[in-house]
Amino acid sequence: ESSDEEEEEKPAKKRKAEEPAEEAPAAKEAKVEGEPATVWVGGLSWNTTEEMLKAYLEEGDVQGITSVRIITDRDTGRSKGFGYVDTDNKPAAEKICSFAGEAELDGRQLRFDLSEARPASQQKERAPREEAAPSNTLFCGNLSFDMDEPSLRGLFADYAEMITSVRLATDRETGNFRGFGYVEFGDIETATAAKAAVNGADLFG
């Protein structure tokens, strides 16, 4: 009888060995990392636009950003000082959160926290209502690394008298120019006109 029992046990052990029980969780975990994630961003300046925030994060080598939404007041259209950044993978969202305590944009220190990803359909519905209101500060991106403040100011020569400040974004540790900057005008109307006049201009290649 003991021999029969041993023979019955062997197939059971064989079946157990063939079951890929340990592989399933690993495959599931890899899939989760590739799923969309959302980061809450706080401490935003009223002048910071969605375009500015996206460019700032991408300069920090964050890849996979699918959308940036700054939440605005429904009545005034003014930024509420916070927003959301959607990514197509969780590691990108975690990298954004790692900037906490060091990230500074438009003179404000930013705060980050992982949030629940919102359905794509909801993002599309909200996007038109969450567009940033016009500002007297223009974001200038894709600038040559040879750019300096006088050259950027010169790009808006026709509106020079209304320029109140010019700022180039630099790396806090190295001091190197990060390829974008801001030009602030005395009023929103001048900023809007200046943007239309130089949009797409090629400066220093």
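**A guided look**

Guide: The chain has a mean pLDDT of 76, and 72% of its residues reach 70 or more; pLDDT is the predictor's confidence in each residue, from 0 to 100. This is a predicted model, where local features need pLDDT of at least 70 and side-chain atom pairs count only at 80 or more, while totals for chains, interfaces and linings use all residues. Residues are numbered from 1 along each chain as its sequence is written, and side-chain values use heavy atoms, leaving out hydrogens and water.

Visitor: Where in the chain is confidence highest, and where is it lowest?

Guide: Strand 1 is highest, at a mean of 92, and helix 5 (residues 120-126) is lowest, at 44. Helices (H or I, at least four residues) and strands (E, at least two) are DSSP runs, numbered from the N terminus. The chain has seven helices and nine strands.

Visitor: What makes strand 1 and strand 3 a pair?

Guide: Two strands pair if DSSP finds at least two bridges between them. Strand 1 (residues 37-42) and strand 3 (residues 79-87) have six bridges, so they pair, in the antiparallel sense. Valine 39 stands opposite valine 85 in strand 3. Strand 1 also runs antiparallel to strand 6 (residues 111-115), with five bridges; there, tryptophan 40 has aspartate 113 as its bridge partner.

Visitor: Why is aspartate 106 called buried?

Guide: Buried means under 20% relative accessible area, exposed over 50%, and partly exposed in between (1.4 Å probe, protein chains only). Aspartate 106 has 15%, so it is buried. This aspartate 106 sits in the loop between strand 4 (104-105) and strand 5 (108-109), and has a positive phi of about 55° although it is not a glycine.

Visitor: And why is aspartate 61 called partly exposed?

Guide: Its relative accessible area is 48%, so aspartate 61 falls in the partly exposed range. Aspartate 61 lies in the loop between helix 3 (50-59) and strand 2 (65-72), and its phi, near 65°, is positive too.

Visitor: How much of the chain is buried?

Guide: Buried residues make up 35% of the 205 residues. In strand 1, five of the six residues are buried.
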